[in-house]
Amino acid sequence: MSDILLDVQHLSHVFKLSKHLRLNAVDDVSFQMKKGEIFGLVGESGSGKSTVARCIMNIYQPTAGKILYNDINVCDRREFQKHHKMLEERRQIIFQDSTSSLNQRMKVADIIAEPMHIHRIKPPRGRLRAEAEFQLSYVGLDASYLDKYPAELSGGQRQRVAIARALSMEPELLVADEPIASLDVSIQAQIINLFKHCNKEHGFSILFIAHDLSMVEYLCDRVGVMYHGKLVEVAPTAELFSNPQHPYTQALLSAIPIPDPIVERNRKRMDFDEMTFEREGALTEVAPDHFVLRKEDRQ
Ligand SMILES: Nc1ncnc2c1ncn2[C@@H]1O[C@H](COP(=O)(O)OP(=O)(O)OP(=O)(O)O)[C@@H](O)[C@H]1O
Ligand SMILES: [Mg+2]
């Protein structure tokens, strides 16, 4: 059996904004995730990260390209229908903004237990409510939250409920779209360590989308960098951070704040000039497992 869990091939997604206006939100993006891997997707706002996530989760139907999940082409309607139940069970997403993803009329206990209930999964702790309480404690919320409605929670608490709900299914693939952006720093660290634990102990593969590069460096095995809908660089995390090749990646990494004020004051920041961006080309291997978007004639 192949060790590739997710194979994104030449994925493109175009939004039709009006009769004449189109937006290439994702443009010919290809990458793979191995089983048990944590893959980070970074890039500035609007670069297409969430659109990639939504295509992977069958929320958007891609304009072009295909996505194989365990060799199943999830973009093919018939294949998707055939494996629908398995795909719903094994893939979970945490949305960037969980407020809209939680049913406002359900209590927290029912929100967390709902996927287990739908898929008739026997809760390891016997009862669904006990399981919900257990999952909630993992994200730092006590049992007093079980009977609250989403409207009674803060944004960060709602996000943690969404995380507990996704983790309760013990997914094979967790797509986490900026899952911690709305959380306090101490809770952020707790959630990141929880993801690490789920990966190590339970084998979850995680697609982790983030702005915070220090979190990505700490958590991810490999990282992909997006810019204006293109994947411009992919490499193992240590390699990407020590040897960035694409000018956009170099600019992105040079903007990470350094805790030492003297070093921070004297460091050189790099800018990336949008006008110099070359969309054409292909991902070219520049070092083992390290790919950069380049025009073929530059090889
Ligand atoms: N439903 C939609 N309809 C039209 N355009 C959209 C839609 N969703 C996203 N876009 C546009 O597609 C592009 C990519 O958006 P996307 O949300 O994927 O970016 P992102 O990298 O996730 O950004 P952020 O870091 O701010 O979350 C943006 O230009 C955005 O305005
Ligand atoms: Mg997004």
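**View 1. Surroundings of Phe195 in the predicted model.** Phe195 is in contact (heavy atoms within 4.5 Å) with Ile94, Ile163, Leu167, Leu174, Ala176, Pro179, Ile206, Phe208 and Leu219, neighbours within four places in sequence being left aside. Phe195 is also one of the residues that touch the most other members of the largest nonpolar core, which has 56 residues; Leu136, Val161, Ile163, Leu167, Ile191 and Phe208 are likewise among them. A second, separate core comprises 31 residues, including Met33, Ile72, Ile209 and Met226. A nonpolar core is a set of buried Ala, Val, Leu, Ile, Met, Phe, Trp, Tyr and Cys residues joined through side-chain atoms within 4.5 Å.

**View 2. Val216 in helix 8 (residues 213–219).** Val216 is buried, with a relative accessible area of 0%; buried denotes under 20%, exposed over 50% and partly exposed the range in between (1.4 Å probe, protein chains only). Beyond neighbours within four places in sequence, Val42, Phe208, Ala210, Val223 and Thr237 are in contact with Val216. Helices are DSSP runs (H or I, at least four residues), as are strands (E, at least two), numbered from the N terminus.

**View 3. The magnesium ion (ligand 2).** Ser50 (OG) and Gln96 (OE1) coordinate the ion at 2.0 to 2.4 Å; donors are N, O and S atoms within 2.8 Å of the metal (3.2 Å for Na, K and Ca), and sites may look incomplete because water is not among the atoms. Ser50 is partly exposed at 21% relative accessibility, and Gln96 is partly exposed at 40%.

**Notes.** Residues are numbered from 1 along each chain as its sequence is written, and chains are lettered from A and ligands numbered from 1 in the order in which they are written. In this predicted model, local features need pLDDT of at least 70 and side-chain atom pairs count only at pLDDT 80 or more, whereas totals for chains, interfaces and linings use all residues; side-chain values use heavy atoms, with hydrogens and water left out.
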